[in-house]
Amino acid sequence: QVQLVESGGGLVQPGGSLRLSCAASGIIFSVYSMGWYRQAPGKQRELVAAILYRGTTTYADSVEGRFTISRDNAKNTVYLQMNNLVFEDTAVYFCNAGQIGHNGEYVPGGYWGQGTQVTVSS
């Protein structure tokens, strides 16, 4: 049984930081590329950051330079370090186990976590 369990969300003031974690089980974690998505109320789910199984990372323009995705294959965990948070970062954040597409891009798979809420508010 595949499980992706996110943690680390919460309430933070603008300019603050949070680190999200996603622990995976039931998959051979090291061969998967992993992605963090977010969904704000009334908006579509969007890809925030991805780390391919070989370690290459990609980011949405809106978080480039503020967020860092990393992985620890020994712990079957992917992280999202979020710094200098702004109101627009408020959303439910989901992790996903995916793969590399034909053009080297991240392609989401069918495994999703339950999500963790991040709220940026003063």
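**Entry 1: overall size**

The radius of gyration I use here is taken over C-alpha atoms, and the globule rule is 2.2 Å times the number of residues to the power 0.38. For 122 residues that rule puts a compact globule near 14 Å, and the chain comes out at 13 Å, which agrees. I noted that this is a predicted model, in which local features need pLDDT of at least 70 and side-chain atom pairs count only at pLDDT 80 or more, while totals for chains, interfaces and linings use all residues. Residues are numbered from 1 along each chain as its sequence is written, and side-chain values use heavy atoms, with hydrogens and water left out.

I also looked up the box: along the principal axes, the C-alpha atoms fill roughly 40 × 30 × 25 Å.

**Entry 2: secondary structure**

I went through the DSSP runs, where helices are H or I of at least four residues and strands are E of at least two, numbered from the N terminus. I found eleven strands and zero helices. Read along the sequence, the pattern is β-β-β-β-β-β-β-β-β-β-β.

I call a residue buried under 20% relative accessible area, exposed over 50% and partly exposed in between, using a 1.4 Å probe and protein chains only. On that scale, 42% of the 122 residues are buried. The accessible surface (Shrake-Rupley method, 1.4 Å probe; for residues, only the protein chains shown count as cover) is about 6400 Å², and carbon and sulfur atoms hold 48% of that.

For contacts I take heavy atoms within 4.5 Å. Of the contacts in the chain with a separation of 6 or more, 57% join residues 24 or more positions apart.

Charges next: Lys and Arg count as positive, Asp and Glu as negative, with His and the chain ends not counted. Each charge is placed at NZ of Lys, CZ of Arg, CG of Asp or CD of Glu. The 8 positive and 8 negative charges have mean positions 6 Å apart.

**Entry 3: Asp89 and Arg66**

Which side chain does the side chain of Asp89 make a polar contact with? I found Arg66, at 2.7 Å. A polar contact here is a pair of N or O atoms within 3.5 Å; within protein, one must be able to donate a hydrogen and the other to accept it, and residues adjacent in sequence count only if both atoms are side-chain atoms.

Both partners sit in loops: Asp89 between strand E8 (77–82) and strand E9 (91–100), Arg66 between strand E6 (57–59) and strand E7 (67–72). Asp89 has 1% relative accessibility, so I log Asp89 as buried. Arg66 is at 14%, so Arg66 is buried too.

Leaving out residues up to four places away in sequence, Asp89 touches Arg38, Val63, Arg66, Phe67, Asn84, Val118 and Val120. With the neighbours within four places set aside, I get Gln81, Met82, Asn83, Asn84, Leu85, Val86 and Asp89 around Arg66.

**Entry 4: positive phi**

Most residues other than glycine have a negative phi. I flagged Asn84, whose phi is near 50°. Asn84 lies in the loop between E8 and E9 and is partly exposed at 44% relative accessibility. Asn76 goes on the list as well, with a positive phi of about 55°. I place Asn76 in the loop between E7 and E8, partly exposed at 25%.

Ala50 or Val78: where does each sit? Ala50 is in strand E5 (residues 46–51), and Val78 is in strand E8. Ala50 is buried at 1% relative accessibility, and I read 1% for Val78, also buried.

Beyond four places in sequence, Ala50 has contacts with Met34, Gly35, Thr56, Thr57, Thr58, Ile69 and Tyr106. For Val78 the contacts beyond four places include Leu20, Cys22, Phe29, Met34, Trp36, Ile51 and Ile69.

I checked two C-alpha distances. Ala50 to Val107 is 9.4 Å, across 57 residues of sequence. Val78 to Phe94 is 11 Å, across 16 residues.

**Entry 5: the tail**

Is Ser122 buried or exposed? I have Ser122 as exposed, with a relative accessible area of 76%. Ser122 lies in the segment after strand E11 (116–120). Residues up to four places away aside, Ser122 touches Pro14 and Phe87. From Ser122 to Gly8, 114 residues apart along the chain, I noted 19 Å between C-alpha atoms.
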